[in-house]
Amino acid sequence: METDAAPTVAPFPPALIAPGTAGGTWVALLDAEALQPGAMRRVTVGELDLLLAHTPAGILVTDDRCPHMSAPLSIGSLEGCVVDCPLHHGRFDLCTGNPVRMPTTGGLDPEGVYHQAWSPSGGAPKVDPPGLKAEARRLTRVRRFRYYPARVVQGVIEAVLPTSGG
Ligand code: FES
């Protein structure tokens, strides 16, 4: 019997492949029909909390951890390829792996360049008194996403996961 065309899986920058996937195994994650265009879902496999996102470029699988301080992006919002983190409102491009807006706390971008704190209201940002907490925020570096290779087989989204993650 003929089936509908499988949803597209998006390419990702090869340098951003998740560690351990070279020797990993394909694992079934979710029925593709449960991830409509524009949707995000968390799927947990062993110790891995995965983010499945259906962007205009296709389906991507990465960690359900904000590249800033690990908040679950699956409960954020997705607009095109850009996910907005619910914790500090950083925005990250799932299609390139790069931040497009730094978190309200400021900190270091992936290149190690410092960015000031900011406020969504446009007013003066809350600033920590000098000390370890302020230093921790200043030194926290936003990283790029790491991706798990994905495919859709007979209507099921699968991804290569590190063997130790399953
Ligand atoms: S944890 Fe996502 S922006 Fe801070």
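Pro-86 counts as partly exposed, because its relative accessibility is 36% (buried means under 20% relative accessible area, exposed over 50%, and partly exposed in between, with a 1.4 Å probe and protein chains only). The structure is a predicted model, in which local features need pLDDT of at least 70 and side-chain atom pairs count only at pLDDT 80 or more, while totals for chains, interfaces and linings use all residues. Residues are numbered from 1 along each chain as its sequence is written, and side-chain values use heavy atoms, with hydrogens and water left out.

**Surroundings of Pro-86**

- Pro-86 lies in the loop between β6 (82-84) and β7 (91-93), where strands (E, at least two residues) and helices (H or I, at least four) are DSSP runs numbered from the N terminus.
- When its neighbours within four places in sequence are left aside, Pro-86 is in contact with Pro-72, Ile-75 and Gly-76, contact meaning heavy atoms within 4.5 Å.
- Pro-56 stands 30 residues from Pro-86 along the chain, and the C-alpha atoms of the two are separated by 21 Å.

**Aromatic rings**

- A pair of aromatic rings is described by the distance of the centres and the angle of the planes.
- A search of the whole structure finds three aromatic pairs, where rings of Phe, Tyr and Trp (its six-membered ring) pair if their centres lie within 6.5 Å, and planes under 30 degrees apart count as stacked, over 60 as edge-to-face and the rest as tilted.
- Phe-12 and Tyr-147 make a stacked pair, because their ring centres are 5.0 Å apart and their planes stand at 15°.
- This pair links distant parts of the chain, 135 residues apart, with Phe-12 in the segment before β1 (25-31) and Tyr-147 in the loop between α1 (132-139) and β11 (150-153).
- Tyr-147 also forms a tilted aromatic pair with Phe-145, at 6.2 Å centre to centre and with 55° between the planes.
- Tyr-147 counts as buried at 0% relative accessibility, and Phe-145 counts as buried at 2%.
- One aromatic cluster is formed by Phe-12, Phe-92, Phe-145 and Tyr-147.
- At Trp-26, the charged end of Arg-151 sits over the ring, 4.0 Å from its centre (a charge sits over a ring if NZ of Lys or CZ of Arg is within 6 Å of the ring centre and within 35 degrees of the ring normal).

**Cysteines**

- A disulfide is a covalent bond between the sulfur atoms of two cysteines.
- The count comes to one disulfide, taken as a pair of cysteine sulfur atoms within 2.5 Å.
- Cys-81 and Cys-95 form a disulfide with their sulfur atoms 1.9 Å apart, and their link is left-handed, with -65° about the S-S bond.
- This pair links distant parts of the chain, 14 residues apart, with Cys-81 in the loop between β5 (77-79) and β6 and Cys-95 in the loop between β7 and β8 (99-101).
- Cys-81 counts as buried at 17% relative accessibility, and Cys-95 is buried with a relative accessible area of 19%.
- Cys-66 counts as buried at 6% relative accessibility, as does Cys-85 at 2%.

**The open sheet**

- Four strands form an open sheet in the order β5-β6-β7-β8, with antiparallel pairing (two strands pair if DSSP finds at least two bridges between them).
- The edge strands of this sheet are β5 and β8, each of which pairs on one side only.
- Strands β5 and β6 run antiparallel and are joined by three bridges, and Asp-84 in β6 is the bridge partner of Ser-77.
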